Amino acid sequence: MRCAASLPWLTALVAACGASSSGVHGPAYDSDGGVGDDAGIADATSSDANADASTADANGDAATGTTADPNVWRPQVIYLTLTDRFFDGDPTNDAAGAAGCFDKGNTSLFHGGDLAGIRQKIPYLRDLGVTAVWITPLYQQTPLRNGACGYHGYWADFADPDDGTIEPKMGTLADATGLVTDLHGAGMKLVLDMVVNHSGRNARILTQQPSWFHTAATCASLGDPKIYCSLNGLPDFTQENPLVAAYLTAISRGWVERVRPDGIRMDTAQHVPASYFAKSWNPAVRQAKGDLFTVGEVFDEGAYTNFLPELDAGFDSVFDFPLRRAFVDAIGRGGSLDLVADKVVSSIKTWGLIRALMKTSFLDNHDVPRFLTEAGAQTDLAARYGVALAALFTVPGIPQLYYGDELGALGAAPDNRSDMPDWAWSAAGRAGAHAGYVGDPQSTFALTKSLIAIRAENAALSSGGYTEMWRPNGGATNLYAFYRSWGASRILVVLHNDAGAPAPIAIPFVSAGGIAQSDRAAWPEGTVLEDLLHAGAPATLTVTGGKISIAPNGKIAGIYRAR
């Protein structure tokens, strides 16, 4: 436990340093970005020390120049599909394009998934409840090189002038625009992946414009090698050259104008000068489509300040890699839930709640081992995964699933990019044990579907403020609870990641400690809270004596709303 005197933002110090209790009752962050009334005031009636309070300054504003409507994007649930590995909807294009690049038995080559396949599986995605589909890049890929081809879409065969060609194995422009039409018809959105950092290693542009790329001999002299030097040996564009900047921006704008996606995921954003995004790319793509949502990949598990250059350059969102690491270490590997609470606090403290609500949170993507694989060989992986999924859908941020997450997929590279299994498309097929998946995939699918529905039905979980109610704080009981509210929508989330059944914990609620007076009044003495998830947590909780008492049993998650 930390000494309360080390927390300068607290407005009252009511617990002595060295107290033995492990809970925390922290300040609130209102959904308008401010701190709620009583913020930072510890529960004066409890023996709990107010240790690392749930956050600090939450007065951040949205990044200047962003245009995506938060009311539209906060409620989204994004589903990333590696298009080539999802579903083969048109086998006639499997061998199209560069020779020697198709072999379903080779993890370095194309497997046949395409745009037609995604279009055909929209009913599956709609049944699950996701609302936005992120697809990997559609650029024509470079020819076979060293036994590998760009099935993933990130080895673009750029040329000057740009020809805007879609990778033939993915389909046609009509397939791409048809996908947008079909998704919109199903009430869903498309997020299209793009790359401006690099080309494929044998792209046409390398011989056409060799001076447009940084060289190993001089790149470090230009500044940060992370920005100016090659990433994994890929040819690195000189975005500081106005000609190159204009060329790359025109390519992206062309895709927006032709395909009309609802959002763009920008690959390797941290390896490109932020000034390029601020001055060239972001203004241009938004001029092409004013309501575009942009999310930048900043693959960094460190400090949240490391993400500020991209946010300040105009991205609406970034991927929360630090939180993902905390999910793995705290929930997957059985560490303290303090790790998760710390990251939620830090993101709000650093960015402000407005930005934190727009960040993209995830357990898995195509560049990391699956959560369940990183968790290790545990006998209770399915239970841990349930807690992790519940955390993903209830902490501030836009949740992102990776295809197979809804089934409990395992896998490290290259198996984190395995084909979507044929049995996935029906409840009967998903039922029972399947190699490469944890537990019963149908049960995992049903749990994921329930979490998506609960989030959709309770605006507090997508747009609400955040108040930390309890955390382990280094104590023996690995329980984390937080409260979120948005207007009349009020939710209490309880996560427990221990196998045992500790003594009941009384979480302060009505007494001062961060919950706004209007929220305390809405749940007066005797209010019965009902668990919406029905996944092992107590079915009901009751506000008694200004507290909410819970007796968790095993690894469980509860999402509570007043009955």
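Me: Where does His434 lie?
Reply: In the loop between helix 15 and helix 16 (441–457). Keep in mind that this is a predicted model.

Me: Is His434 buried or exposed there?
Reply: His434 counts as buried because its relative accessibility is 18%, and the cut-off for buried is under 20%.

Me: And what does the side chain of His434 make a polar contact with?
Reply: With the side chain of Trp423, at 3.3 Å.

Me: Which sense does strand 4 pair in with strand 3, parallel or antiparallel?
Reply: Parallel, over 4 bridges, with strand 3 being residues 132–135.

Me: What about strand 4 and strand 5, parallel or antiparallel?
Reply: Strand 4 and strand 5 (residues 263–266) also pair in the parallel sense, over 4 bridges. There, the bridge partner of Asp193 is Arg265 in strand 5.

Me: What kind of unit do strand 3, helix 4 and strand 4 make?
Reply: A β-α-β unit, and a right-handed one, with helix 4 spanning residues 173–185.

Me: I'd like to check the loop between strand 3 and helix 4. Which proline lies in that loop?
Reply: Pro161 lies in it. The peptide bond joining Asp160 and Pro161 is cis, with omega at about 5°.

Me: Where does Pro414 lie, then?
Reply: Pro414 is in the loop between strand 9 (398–402) and helix 15 (427–430). The bond from Ala413 to Pro414 is cis, and its omega is near 0°.

Me: Back to backbone angles. What is phi of Asn146?
Reply: Near 50°, which is a positive value in a residue other than glycine. Asn146 has its place in the loop between strand 3 and helix 4.

Me: Why does Asn146 count as exposed?
Reply: Because its relative accessibility is 70%, and exposed means over 50%.

Me: What about phi of Arg260?
Reply: Arg260 has a positive phi near 60°, and it is a residue other than glycine. You'll find Arg260 in the loop between helix 7 (242–259) and strand 5. At 36% relative accessibility, Arg260 counts as partly exposed.

Me: How many cavities of 30 Å³ or more does the structure hold?
Reply: It holds 2. The largest cavity has about 70 Å³ of space.

Me: Which residues line the largest cavity?
Reply: Among them are Tyr139, Gln140, Asp157, Phe158, Arg204 and Trp255. The lining also includes Asp162, Asp163, Gly164 and Thr165.

Me: And what does the lining of the largest cavity have by class?
Reply: That lining has 4 nonpolar, 3 polar and 4 charged residues.

Key: Residues are numbered from 1 along each chain as its sequence is written. This is a predicted model: local features need pLDDT of at least 70, side-chain atom pairs count only at pLDDT 80 or more; totals for chains, interfaces and linings use all residues. Side-chain values use heavy atoms; hydrogens and water are left out. Two strands pair if DSSP finds at least two bridges between them. Helices (H or I, at least four residues) and strands (E, at least two) are DSSP runs, numbered from the N terminus. A crossover is right-handed if, with the strands pointing away from the viewer, the path from the first strand over the helix to the second runs clockwise. Buried means under 20% relative accessible area, exposed over 50%, partly exposed in between (1.4 Å probe, protein chains only). A polar contact is a pair of N or O atoms within 3.5 Å; within protein, one must be able to donate a hydrogen and the other to accept it, and residues adjacent in sequence count only if both atoms are side-chain atoms. On a 1 Å grid over the protein atoms alone, a cavity is a set of points where a 1.4 Å probe fits but cannot get out, and a pocket is an open set with protein on both sides within 12 Å along at least five of seven lines; lining residues have an atom within 4 Å of a point. Grid points are joined across faces, edges and corners, and a volume is the space filled by probe spheres set on the points. Ala, Val, Leu, Ile, Met, Phe, Trp, Tyr, Cys and Pro count as nonpolar, Asp, Glu, Lys and Arg as charged, and the others, Gly among them, as polar.
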